[in-house]
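Hi everyone, thanks for coming. Let me put the structure up, and then we'll walk through it together.

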Amino acid sequence: MSNTDFVLAVEDLTVSFDGFKAVDKLTMYIDKNELRVLVGPNGAGKTTVLDLICGKTKSTAGSIKFKNTELTKLSEHEIVRSGVGRKFQNPSIYENLSVYQNLEVSYPKGRGVFGSLTFKRTKAVEEQVRKVAADIMLTDFLDMESALLSHGQKQWLEIGMLLMQEPELLMLDEPVAGMSAKERDQTAELLNRICQNRSVIVIEHDMEFVKKIAHKVTVLHQGKILAEGSMDKVQNDEKVIEVYLGH
Ligand code: ADP
Ligand code: MG
């Protein structure tokens, strides 16, 4: 493929587990500052797509270009360093550290001057922590031990830890699972804010939530794209109603 302006260009991506194709010739393009939502029934291959992009799973065939760099040949670390951040379903924050410290330790190592938790706080780190804390609505909780945060706040903190690295592509797997209605609304606002500076891919089942955030929706089914386009378009698609929304 020749160079493109897409942040992410996935072409003919396939992964086979003992002959079973969890992702089957997937082609998908994500724009700069786009918020794309992946939906589809359980087992459709959504999480596997994120695993492939972040290098956790190696593809069997096809290509993943991030800013025109081929990711399928890179290690997970190299992919993170190239600007791809990925949040898993369960939050992995340091419960015994404060919100501030969790953000602080997530500052990219190459850019700081520290190796331990007792390092001198540089101005750049502190500014970045405060900026991210505002984005994730935790400014008033910076000194709180993270164990004491609500479930939703822990999810936001983990998003914040990824934002500390200023990824150009951020991927979130079911970020509002277990959240209250109010936290879901706040998360929608959070995502709408953070996609102004980066592209975001979200896997989500809650269609009310998807409606609030999606620029475009990709519906996966059996490792393939069943439909793609605006929320309106995919919601009214016969095939989508039959295999996914009808249930
Ligand atoms: P979704 O996130 O859409 O629910 P997944 O991507 O988790 O679906 O899984 C898609 C299919 O691939 C499922 O049938 C799952 O069992 C299978 N699968 C995922 N990862 C592996 C793996 N590492 N080894 C074998 N099968 C896998
Ligand atoms: Mg999944």
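Predicted model: local features only at pLDDT ≥ 70, side-chain atom pairs only at ≥ 80, totals over all residues.

Let's start with Cys54: it counts as buried because its relative accessibility is 8%, where buried means under 20% relative accessible area, exposed over 50% and partly exposed in between, with a 1.4 Å probe and protein chains only. Cys195 is buried too, at 4%.

Residues are numbered from 1 along each chain as its sequence is written, chains are lettered from A and ligands numbered from 1 in the order written, and side-chain values use heavy atoms, leaving out hydrogens and water.

Now the domains. The assignment, which is automatic or from a database, gives domain 1 as 1-83 + 172-179 + 200-247 and domain 2 as 91-166. Their C-alpha centres lie 28 Å apart. Six residues from domain 1 and six from domain 2 make the contact, meaning heavy atoms within 4.5 Å.

Together they bury about 410 Å², 70% of it on carbon and sulfur atoms; that's the accessible area (1.4 Å probe) two parts lose on being put together, summed over both. On the domain 1 side, Leu172, Pro175 and Met179 lose the most area to domain 2, together 68% of what that side buries.
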